[in-house]
Amino acid sequence: MSLPITLVSFVAPGAVAVFSAIERLQRIYLQVLTAVPNIMQKWVGQSYGQRRKIRRAKKSIFYNAMIGLAAGIGFTVVAPTMADIIFASTIKVPIEFTALSGVLIFIVSVSRASGSIALVAFGRINTVFVSAAAGTAVGVPSILLGAKFLGAPGALAGEVLAELVVLAIQLREIRRYK
């Protein structure tokens with residue numbers, strides 16, 4: 001979880017304060033949201049029959065997406081004020097940057113459901129590993145390049161790209177189940 005901050009510090013030291021502030025707020029927000037897929041894991045796992053399990057797993061992705069969308073929008077709007085309060089107005093976090101984090105929160109919310117709920121229910125745990133490895137392979141260079149050329153928003157965009165890769169691989173596998 002601290003790797004993105006470390007990567008940014010290597011290539012864009014001037015962007016570290018803003019990026020790490022957003023990253024920390026985003027991680028707090030995502031930590032609270034872990035309750036949603038945790039609850040849904042039990043709901044999906046308790047279903048009888050493969051057909052019902054598939055249906056519930058896909059519904060859980062939808063529910064997580066809707067909650068993630070609301071959370072992402074909420075984060076976008078609230079994070080600048082949260083940063084003022086938590087960091088005693090020493091770091092100003094522009095709403096344009098928090099919007100990128102809001103997108104990331106949405107994607108991570110969907111990915112948590114598609115990976116830890118649906119793919120586990122379908123017995124495709126190896127796809128979770130493959131998606132995580134691909135996300136890392138894309139994320140490290142994209143965060144480094146984004147931070148180097150665009151500062152904090154570039155690093156955030158690199159995180160978004162990495163999570164999109166993870167989600168795309170997971171959803172591609174899930175589409176196979178009807």
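Trainee: Does serine 142 count as buried or exposed, and at what relative accessibility?

Mentor: Buried: serine 142 has 14% relative accessibility. The cut-offs are under 20% relative accessible area for buried, over 50% for exposed, and partly exposed in between, with a 1.4 Å probe and protein chains only.

Some ground rules come before the rest. This is a predicted model, with residues numbered from 1 along each chain as its sequence is written, and local features need pLDDT of at least 70. Side-chain atom pairs count only at pLDDT 80 or more, while totals for chains, interfaces and linings use all residues, and side-chain values use heavy atoms, without hydrogens or water.

Serine 142 sits in helix α6. Helices here are DSSP runs of H or I with at least four residues, numbered from the N terminus. Setting aside neighbours within four places in sequence, serine 142 is in contact (heavy atoms within 4.5 Å) with Gly154, Gly158 and Leu161. For a sense of distance, take lysine 53: its C-alpha is 36 Å from that of serine 142, and the two are 89 residues apart along the chain.

Now the largest pocket. A pocket is an open set of points on a 1 Å grid over the protein atoms alone, with protein on both sides within 12 Å along at least five of seven lines; lining residues have an atom within 4 Å of a point. The largest pocket has a volume of about 670 Å³, where volume is the space filled by probe spheres set on the points. Its lining holds 26 residues, and Arg27, Thr136, Ala162, Glu163 and Val166 lie nearest its centre. Helices α1, α2, α5, α6 (125–150) and α7 each give two or more residues to that lining. The largest share, 8 residues, comes from α6. By type, the lining splits into 13 nonpolar, 9 polar and 4 charged residues. Nonpolar covers Ala, Val, Leu, Ile, Met, Phe, Trp, Tyr, Cys and Pro; charged covers Asp, Glu, Lys and Arg; the others, Gly among them, are polar.

Next, α7. Glutamine 170 is placed in this helix. Glutamine 170 is buried, at 3% relative accessible area. Its side chain makes a polar contact with the side chain of serine 114 at 2.5 Å, and another with the side chain of serine 131 at 3.1 Å. A polar contact is a pair of N or O atoms within 3.5 Å; within protein, one must be able to donate a hydrogen and the other to accept it, and residues adjacent in sequence count only if both atoms are side-chain atoms. Beyond four places in sequence, glutamine 170 touches Ser111, Ser114, Gly115, Leu119, Thr127 and Ser131.

Helix α2 (residues 16–33) has 18 residues. It spans 25 Å from first C-alpha to last, close to the expected 26 Å; that expectation is 1.5 Å times one less than the number of residues. Its buried residues include Phe19, Glu23, Gln26 and Leu33. The buried set packs against α1 (3–11), α3, α4, α5 and α7 (152–174).

Serine 60 lies in α4 (residues 50–86). Serine 60 is buried, at 0%. Its side chain reaches the backbone oxygen of alanine 57 at 2.6 Å. Isoleucine 39, in α3, is exposed at 61%. It is 21 residues from serine 60 in sequence and 9.8 Å away, C-alpha to C-alpha.

A cavity is a set of points where a 1.4 Å probe fits but cannot get out. The count is 1 cavity of 30 Å³ or more. The largest cavity holds about 40 Å³. Leu33, Val36, Pro37, Asn64, Ile67, Gly68, Ser109 and Arg112 line it. Helices α3 (35–45), α4 and α5 (95–121) each supply at least two of the lining residues. Helix α4 gives the most, with 3. The cavity lining has 4 nonpolar, 3 polar and 1 charged residue.
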